[in-house]
Amino acid sequence: MKITDSLRKQVIQRAQRRCEYCQLHQDCSVYSHEVDHLIARKHGCQTVLSNLALACLSCNRHKGADFATIDPISEVITPLFNPRRHLWSEHFMLQQAQIKGKTPIGKATVKILQFNNSRRILERQVLMAQGRYP
Ligand SMILES: [Zn+2]
């Protein structure tokens with residue numbers, strides 16, 4: 001099912017125009033944030049508000065159709081952060097311009113979505129200096 005304009009508007013409004021993964025505001029991004037399927041359609045989930053999140057281009061590209069990963073140490077299948085089920089502050093914290101995972105879910109998401117590659121850290125440093133992040 002296609003994401004309708006009305007659904008897109010509701011997703012953007014609910015997220016207050018911030019990426020629901022890395023918290024980057026739309027106004028601070030050159031590229032338009034995208035509507036992400038939390039659980040991809042190919043896994044049988046639907047295009048409904050409860051399965052959608054607003055994601056910046058970087059987060060959405062790295063996430064792709066993933067919704068879980070394998071913890072390299074425990075080898076346990078670990079879900080990625082789901083903004084409809086999880087609270088950001090319970091799973092992540094900001095340390096300078098780096099986003100650190102506080103839980104296995106947070107750590108898995110930081111890794112898969114590559115929150116802390118050098119370009120993204122630099123971008124956050126600049127925005128923080130301007131008082132525009134988080
Ligand atoms: Zn993001």
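In this predicted model, F81 touches E20, Y21, H86, L87, W88, H91, F92, I105 and T109, when residues up to four places away in sequence are not counted. The residue itself lies in the loop between β4 (77-79) and α3 (88-91), and with a relative accessibility of 3% it counts as buried, because the limit for that class is under 20% relative accessible area. The distance from F81 to Y133 was also computed: the two residues are 52 residues apart in sequence and 20 Å apart in space, C-alpha to C-alpha.

Two of the residues touched by F81, namely I105 and T109, belong to helix α4 (residues 104-112), where they are buried together with G106, A108, V110 and I112. The elements that cover the buried residues of α4 include α2, β3 (68-70), β4, α3, β5 (92-95) and β6. Just after this helix, Q114 takes a positive phi of about 50°.

The strands β5 and β6, both of which are among the elements covering α4, run antiparallel and are joined by four bridges. They form a hairpin with two residues between them, and Q96, in the turn, has a positive phi of about 55°. One of the bridges pairs Q95 with Q98 in β6. In a regular strand the side chains alternate between the two faces of the sheet.

The zinc ion is coordinated by the SG atoms of C19, C22, C56 and C59, at 2.3 to 2.4 Å. The angles subtended by the four donor atoms range from 103 to 116°, and the arrangement is therefore tetrahedral, as all angles must lie between 85 and 135 degrees for this assignment. Along the chain, the donors follow the spacing C-x2-C-x33-C-x2-C. Among these cysteines, C19 is buried with a relative accessible area of 0%, and C22 is buried with a value of 3%.

The loop between α1 (5-14) and β1 (34-37) holds Q26, which at 18% relative accessibility counts as buried. Apart from its neighbours within four places in sequence, Q26 is in contact with R17, Y31, S32 and H33. A further buried residue, S58, has a relative accessible area of 16% and is placed in helix α2. If residues up to four places away in sequence are not counted, S58 touches R119 and R120.

One of these two partners, R120, is among the buried residues of α5, which are R120, I121, R124 and L127. These residues cover an arc of only 130° around the axis, which puts them on the same side of α5. An α-helix has 3.6 residues a turn, so residues three or four places apart point the same way. The buried residues of α5 pack against α2 (57-63) and β6 (98-101), whereas on the other side of the helix S118, L122 and A129 are exposed. The length of α5 (residues 118-129) also agrees with expectation, because its twelve residues, at 1.5 Å a residue, should span 16 Å and its end C-alpha atoms are 17 Å apart. Just after α5, G131 takes a positive phi of about 70°.

Notes
Residues are numbered from 1 along each chain as its sequence is written. This is a predicted model: local features need pLDDT of at least 70, side-chain atom pairs count only at pLDDT 80 or more; totals for chains, interfaces and linings use all residues. Side-chain values use heavy atoms; hydrogens and water are left out. Donors are N, O and S atoms within 2.8 Å of the metal (3.2 Å for Na, K and Ca); water is not among the atoms, so sites may look incomplete. Four donors count as tetrahedral if all angles lie between 85 and 135 degrees; four count as square planar and six as octahedral if opposite donors are over 155 degrees apart and all others between 65 and 115; anything else is irregular. Buried means under 20% relative accessible area, exposed over 50%, partly exposed in between (1.4 Å probe, protein chains only). Contact means heavy atoms within 4.5 Å. The expected span of a helix is 1.5 Å times one less than its number of residues. The arc is that of the directions from the helix axis to the C-beta atoms. Two strands pair if DSSP finds at least two bridges between them.
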